[in-house]
Amino acid sequence: MARKSLNKKNLVDLGPDVLADLLLEAVKGDAARQRRVRMALSAEQSPRDAAADVRKRFASIRRSRSYISRQTQKKVATELSDLTGLIETRIAPDSPDIAFDLLWDLLRLAPGIHERTDDSNGLIGDVMDEAMDVIAHLSLKITKDPAQLAEMIFDALQDNGYGEFDQVVPALADPLGQTGLERLKDLAEEMRTAPLSDTDLAIYDFVDEPERQQALARDRRNLTAEMILQDVADLQGDVDAWLARYSAEQLTYHIIAPEAATRLLNAGRAEEALRIVRQALNRDARDSSWFDTPELNEAHFACLEALGREEELRHALWARFERRLCPNALRGLLKRLPDFDDIEAEDRARDVVLAYTPIEAGLAFCLSWPDTALASRLVHSRSDELDGNAYENLTPAAEALCSEHPLAAVLIWRAMITFALERGRSSRYGHAARHLASCAAADASIADYQRHPGHDAFVEHLRAVHGRKSAFWERTGGA
């Protein structure tokens with residue numbers, strides 16, 4: 001049977017003639033596969049031959065105007081990914097500059113493709129990111145003039161509506177060098193101060209008010225300039241130039257503050273970094289999990305560690321855990337405590353988890369720690385609080401508990417079943433039926449249901465209250 005397995009060794013043993021016949025048969029009537037084979041044949045001739053065929057394919061894609069459906073989108077993404085791989089493996093080793101030009105052309109296909117498809121799943125964006133990654137890997141071998149390369153980058157960033165060129169400056173830092181970076185910086189500064197052009201305004205020609213149109217165009221142009229200047233400042237190690245792009249208030253935003261702190265820490269300016277982070281943590285929105293981010297807290301911890309403020313760091317780690325049940329914060333704290341103190345702290349942490357609201361957050365912590373015994377205690381003590389709608393947390397919790405803590409798993413399954421039936425969520429009846437089957441399977445392992453009804457009594461109650469929901473009962477097989 002091993003000789004019949006579809007693997008590389010067995011296929012090689014068939015010999016080139018047989019494989020060629022099989023390949024011709026496989027690609028017959030499939031244009032995409034035929035193009036892929038032709039590309040491979042071109043690559044065997046020379047990098048220039050392969051490049052010519054790749055350019056022809058890019059031209060064909062550029063000319064196309066038809067809508068790209070979700071199914072076709074996958075094929076387009078696969079083909080572009082294959083072409084990226086061919087450029088990297090067959091063209092770049094001998095002709096890195098040609099490979100760079102091809103990858104640049106591929107990135108410039110992005111707007112035309114995005115305009116013809118819905119990329120909410122990110123397939124096309126991922127392909128463009130892949131191409132940019134290859135450019136970064138090739139960067140040391142690129143021999144373009146730094147000033148000309150800077151102008152290419154600057155032009156590309158003027159029409160970067162889908163973000164395909166977002167990482168282009170750091171990707172090409174090596175071939176740019178200081179000469180290219182300075183040229184890019186000058187171009188960005190000139191753009192900020194130049195009058196708005198007709199091209200700038202044309203993007204917002206749908207806006208009737210001239211003043212509003214100009215404001216939007218100026219904001220868009222300045223945002224591009226700021227992005228370029230920040231990338232240049234980063235690559236030149238100019239922390240102050242990076243910081244200068246933001247107002248004092250903006251530096252306290254939860255997205256910006258961690259980046260600012262990281263740069264200041266790397267520059268040996270921990271006190272300034274800590275000041276920015278604390279201002280961000282002290283904003284009015286601190287109580288919202290949307291703003292109380294892991295990145296902001298990690299920056300806070302890093303600042304305290306850099307300054308050697310051990311007691312403050314321990315307090316901050318505990319506060320983060322107590323506030324958000326953050327497992328990483330608790331692990332960080334326990335590592336910093338002496339023997340026996342860490343055991344006491346972990347016991348305190350368990351008490352926090354058992355009392356935390358909502359209960360689903362406590363279960364999520366137990367799974368990530370992991371501590372299924374604690375999860376079981378939590379369910380048994382507060383099963384009435386389980387939100388059957390929180391299936392994203394409850395389903396994995398029940399699966400983790402079912403083998404060693406079957407009653408806790410059953411209580412979770414029951415919560416989801418009851419929610420689906422009480423709310424008439426017919427789309428979940430299939431899941432609820434499977435949960436009921438899981439309850440039945442776990443019944444034999446449960447000697448004592450404690451204060452809860454046994455399985456038969458639970459099913460009898462469901463029939464009494466929801467007996468008319470035939471769409472559910474049909475899925476249970478008459479359970």
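Predicted model: local features only at pLDDT ≥ 70, side-chain atom pairs only at ≥ 80, totals over all residues.
Which residues of α13 are buried?

Helix α13 covers residues 210-235. The buried residues in α13 are Q213, A217, R221, T224, A225, E226, I228, L229, Q230, D231, V232 and A233. What lies over them? The cover for the buried residues of α13 includes α9 (146-158), α10 (168-171), α11 (173-193), α12 (198-202) and α14 (239-244). After α13 comes G237, with a positive phi near 70°.

Let us turn to the aromatic rings. The count comes to nine aromatic pairs. One of them joins W242 and Y246: the pair is tilted, with 5.1 Å centre to centre and 55° between the planes. W242 has a relative accessible area of 2%, so this residue is buried.

Another tilted pair is formed by W318 and F321, at 5.3 Å centre to centre and 50° between the planes. Both residues belong to helix α18 (residues 310-324), where they stand three residues apart, about one turn of the helix. W318 counts as buried because its relative accessibility is 11%, and F321 counts as buried at 0%. Ring pairs also link W318 and F321 with F365 and W369 in a cluster.

Finally, the surface. L6, L11, L14, V18 and L22 make a nonpolar surface patch of about 470 Å². Among them, V18 lies in helix α2 (residues 16-27). Its relative accessibility is 39%, so V18 counts as partly exposed.

Notes. Residues numbered from 1 in each chain as written. Heavy atoms only, no water. Patch = residues over 30% accessible without salt bridge, like charges linked within 9 Å, V, L, I, M, F, W, Y side chains within 5 Å. Areas by Shrake-Rupley, 256 points an atom, 1.4 Å probe, with all protein chains shown as cover. Salt bridge = Lys/Arg side-chain N within 4 Å of Asp/Glu carboxyl O. Helix = DSSP H or I, 4+ residues; strand = E, 2+ residues; numbered from the N terminus. Buried < 20%, exposed > 50% of the residue type's maximum accessible area, 1.4 Å probe, protein only. Expected span 1.5 Å × (residues − 1). Contact = heavy atoms within 4.5 Å. Phe/Tyr/Trp six-rings, centres within 6.5 Å; stacked < 30°, edge-to-face > 60°.
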